[in-house]
Amino acid sequence: PTLMAARHNLGSALHTLKRFREAIEVLQPLTTDSPTCFECLLSLGHTLSEVKDHEGAIDMYKRALDLRQNDPDALLNYYHAKQQVIDWSDREALFSRLEAVTEGQLAQRHMTTVGPYYSLLSPFDQEQMMGIAESHASRAMDKIEWMVP
């Protein structure tokens, strides 16, 4: 892998090990050295969120969304981070984007980025909540169906 990919992998591994401060030390320079590295921005956003630096996470998710406007993971995490700091400045527009991405995932029969519990905390309608729950239940069943007689 490239040096950037290796550094990103190291940061992600440190995050997985819950060594968040070390992960930030590795990931933060990547976002300066490679400001168009979507994965680097997203990973740093996730890590900053873990240490409750919600403003920093919001900035990283926003930058990631500038690169990939409708990425489901970046969109959901940006929406969630803004909830954490009670920033409702563009909540309706942001939720509409999240809803559209979720509807697209449901239409393609993909497991949704939004989880069933989270859908209860957001303004999804009952049909959407059911579709989200079914997408996750279907994925769970795929993983355990070999155990079912």
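Q: Which elements cover the buried residues of α4, and which residues are those?
A: In this predicted model, with residues numbered from 1 along each chain as its sequence is written, local features need pLDDT of at least 70 and side-chain atom pairs count only at pLDDT 80 or more, while totals for chains, interfaces and linings use all residues. Side-chain values use heavy atoms, with hydrogens and water left out. A residue is called buried under 20% relative accessible area, exposed over 50% and partly exposed in between (1.4 Å probe, protein chains only); contact means heavy atoms within 4.5 Å; and helices (H or I, at least four residues) and strands (E, at least two) are DSSP runs, numbered from the N terminus. The buried residues of α4 are His 54, Gly 56, Ala 57, Ile 58, Met 60, Tyr 61, Ala 64 and Leu 65, and the elements covering them include α2, α3, α5 (72-84) and α6.

Q: How many residues does α4 have, and what span should they give?
A: The expected span of a helix is 1.5 Å times one less than its number of residues. The 14 residues of α4 should therefore span 20 Å, and its end C-alpha atoms are 20 Å apart, which agrees.

Q: Which residues of α2 are buried, and what do they pack against?
A: An α-helix has 3.6 residues a turn, so residues three or four places apart point the same way. In α2 the buried residues are Phe 20, Ala 23, Ile 24, Val 26, Leu 27, Leu 30 and Thr 31, and these pack against α1 (3-16), α3 and α4.

Q: At what angle do α3 and α4 pack?
A: Two packed helices are described by the angle between their axes and the distance between the axes. The axes are lines fitted to C-alpha atoms, for helices over the stretch in contact, and angles run from 0 to 180 degrees between N-to-C directions. Helix α3 (residues 38-50) and helix α4 (residues 54-67) pack at about 160 degrees, with their axes 8 Å apart. That makes α3 roughly antiparallel to α4, given that angles under 35 degrees count as roughly parallel, over 145 as roughly antiparallel, 65 to 115 as roughly perpendicular and the rest as oblique. On the α3 side the contact is made by Phe 38, Leu 41, Leu 42, Leu 44, Gly 45, His 46, Leu 48 and Ser 49, and on the α4 side by His 54, Gly 56, Ala 57, Met 60, Tyr 61, Arg 63, Ala 64 and Leu 67. By class this contact has 10 nonpolar, 5 polar and 1 charged residues, where Ala, Val, Leu, Ile, Met, Phe, Trp, Tyr, Cys and Pro count as nonpolar, Asp, Glu, Lys and Arg as charged, and the others, Gly among them, as polar.

Q: How do the axes of α6 and α8 cross?
A: The axes of helix α6 (residues 91-107) and helix α8 (residues 126-144) come within 10 Å and cross at roughly 50 degrees, and the two helices are therefore oblique to each other. Helix α6 contributes Glu 99, Thr 102, Glu 103 and Leu 106 to the contact, and α8 contributes Gln 128, Gly 131, Ile 132 and Ser 135. These residues divide into 2 nonpolar, 4 polar and 2 charged.

Q: Is Ser 135 buried or exposed, and what does Ser 135 touch?
A: Ser 135, placed in helix α8, counts as buried at 11% relative accessibility. Not counting residues up to four places away in sequence, Ser 135 touches Leu 106, His 110, Met 111 and Thr 112.

Q: Where does Leu 98 lie, and which residues is Leu 98 in contact with?
A: Leu 98 lies in helix α6 and is buried, with a relative accessible area of 2%. Leaving aside neighbours within four places in sequence, Leu 98 is in contact with Leu 75, Leu 76, Tyr 79, Val 114 and Phe 124.

Q: What is the phi of Lys 18, and what is that of Ile 86?
A: Most residues other than glycine have a negative phi. Lys 18, although not a glycine, has a positive phi of about 65 degrees; its place is in the loop between α1 and α2, and it is exposed, with a relative accessible area of 63%. Ile 86, also not a glycine, has a positive phi of about 55 degrees; this residue is found in the loop between α5 and α6 and counts as exposed at 61% relative accessibility.

Q: How many helices and strands does the protein chain have?
A: The protein chain has 8 helices and 0 strands, and its C-alpha trace spans about 45 × 45 × 25 Å along the principal axes. Buried residues make up 39% of its 149 residues, and among contacts between residues at least 6 apart in sequence, 47% join residues at least 24 apart.
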